[in-house]
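Here is a friendly walk through one protein chain. Have a look at the sequence and the 3D view first, and then read on.

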Amino acid sequence: MWLPAVTLAFALSGCTSVADVTGTATQSDLMQLRGEIAAAQQAAQRARSDAETTALRAIDARLRTQATESERELTALNRRVDGLATSLTELSARLDELSARTEALGRQVRGGAASPAPRTGATATPTPTSPPAASATPPAAPGARPATNALQPQDIYQAAYIDFSKGSYALAMAGFREFLRRFPDHPLAGNAQYWIGEGYYSQARAAVNAGQADKVAPELEQAVQEFRKVLANYPRSEKAPTALYKEALALLELKQPAVAQQRLEYLVANFPQAEETPLAKERLATLKTR
């Protein structure tokens with residue numbers, strides 16, 4: 001008689017599953033459990049993916065910030081190097097001017113020493129019946145330059161440099177070319193050739209400042225050619241390493257970094273004691289990190 005009571009209990013329980021009564025999982029329960037496990041795994045995978053994406057974004061943002069800061073520092077460093085190079089150029093020009101003035105003063109001193117000094121001895125007094133003696137040409141004053149129509153090398157060089165210092169680059173380059181035409185073997189010939197290149201380089205910078213973009217590249221290309229003549233024609237000139245460095249700067253502005261690197265490497269290898277060599281090494285380090 002107990003069987004109907006059990007059947008009634010099952011009927012009344014309604015929502016109670018077989019598993020709850022018998023303690024055994026059915027096939028549907030297993031499927032449901034597997035679905036919940038799969039959903040949990042997918043949720044964990046999405047959470048992991050979201051975490052990795054967030055981390056990668058944070059790392060990327062940090063790297064971009066560092067790259068921006070590095071680029072800013074590099075730009076500031078390049079500006080400082082350019083400023084030092086400009087100062088070096090100005091100091092070199094000043095030295096040339098002082099050398100030319102010193103040489104001019106030396107010529108004046110030598111010219112004054114070569115002038116005949118006035119006689120200090122007693123002179124004969126003419127007799128009353130004698131005609132007055134013809135007056136002699138007065139001697140040159142001590143220190144005066146002997147009269148000559150020929151221009152001296154330093155005169156042409158100094159005049160050209162004065163034009164350059166005033167910003168009259170075309171006039172200055174014409175003066176330096178005239179100096180080289182007349183005195184190609186003069187000790188300052190290499191300097192004159194360098195200042196011709198510097199004239200074109202300065203005109204390129206002036207074109208940039210004036211917004212004349214079409215004139216920049218031609219001036220830079222001509223500057224490169226003139227700077228190269230220093231090393232080609234006057235390899236022992238004191239301006240040879242400076243010309244190499246300025247040529248490399250012009251090449252960089254012309255977007256020719258490979259050629260600029262070759263010129264900088266030549267400068268470092270052949271002029272290790274030059275003042276421009278540390279600057280060249282810094283430029284090389286920058287080029288190799290790009």
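This is a predicted model: local features need pLDDT of at least 70, side-chain atom pairs count only at pLDDT 80 or more; totals for chains, interfaces and linings use all residues.

Residues are numbered from 1 along each chain as its sequence is written, and side-chain values use heavy atoms, with hydrogens and water left out.

**The whole chain**

Let's begin with the overall plan. The chain has 10 helices and zero strands; helices (H or I, at least four residues) and strands (E, at least two) are DSSP runs, numbered from the N terminus. Reading along the sequence gives the pattern α-α-α-α-α-α-α-α-α-α.

Of the chain's 290 residues, 31% count as buried. Buried here means under 20% relative accessible area, exposed means over 50%, and partly exposed is in between (1.4 Å probe, protein chains only). The accessible surface comes to about 19,400 Å², and 57% of that belongs to carbon and sulfur atoms. Such areas come from the Shrake-Rupley method with a 1.4 Å probe, and for residues only the protein chains shown count as cover.

As for contacts (heavy atoms within 4.5 Å), take those between residues at least 6 apart in sequence: 60% of them join residues at least 24 apart.

Helix α6 covers residues 189-209, and its 21 residues reach 30 Å from first C-alpha to last, close to the 30 Å expected. The expected span is 1.5 Å times one less than the number of residues. Helix α6 is mostly covered, with 17 of its 21 residues buried. After it comes glycine 211, with a positive phi near 75°.

Helix α10 (residues 277-288) has 12 residues and reaches 16 Å, close to the 16 Å expected. Its buried residues include Leu279, Ala280, Leu284 and Leu287, but also Arg283.

At 46% relative accessibility, isoleucine 59 counts as partly exposed. Together with Leu56 and Leu63, Ile59 forms a nonpolar surface patch with about 300 Å² of accessible area. Patches are made of residues with over 30% relative accessible area and no salt bridge; like charges are joined within 9 Å, and nonpolar side chains (Val, Leu, Ile, Met, Phe, Trp, Tyr) within 5 Å.

**Rings that pair up**

How many aromatic pairs does the structure hold? There are eight. Rings of Phe, Tyr and Trp (its six-membered ring) pair if their centres lie within 6.5 Å; planes under 30 degrees apart count as stacked, over 60 as edge-to-face, and the rest as tilted.

Tyrosine 157 and phenylalanine 176 make an edge-to-face pair, 5.4 Å centre to centre with 70° between the planes. Tyrosine 157 sits in helix α4 (residues 153-165) and phenylalanine 176 in helix α5 (residues 169-182), so the pair ties together parts that are 19 residues apart in sequence. Tyrosine 157 is buried at 0% relative accessibility, and phenylalanine 176 is buried at 0% too.

The rings of tyrosine 194 and phenylalanine 227 have centres 5.7 Å apart and planes at 40°, so this pair is tilted. It links distant parts of the chain, with tyrosine 194 in helix α6 and phenylalanine 227 in helix α7 (residues 213-233), 33 residues apart. Tyrosine 194 is buried at 0%, and phenylalanine 227 is buried at 1%. Both belong to a cluster linked by ring pairs, along with Tyr161, Phe164, Tyr169 and Trp195.

Tyr194 has a further link: threonine 242 touches Tyr194 and Glu276, not counting residues up to four places away in sequence. Threonine 242 is found in helix α8 (residues 240-253) and is buried, at 11% relative accessibility.

**Salt bridges**

The count of salt bridges comes to eight, each being a side-chain nitrogen of Lys or Arg within 4 Å of a carboxyl oxygen of Asp or Glu. Here are three of them.

| Glutamate 178 | Arginine 181 | 2.7 Å |

Glutamate 178 and arginine 182 are both in helix α5, four residues apart, about one turn of the helix. Glutamate 178 is partly exposed at 24%, whereas arginine 181 is exposed at 59%. By contrast, glutamate 247 is buried, with a relative accessible area of 1%. Elsewhere, Arg177, Glu226 and Lys229 are linked in a network of salt bridges.
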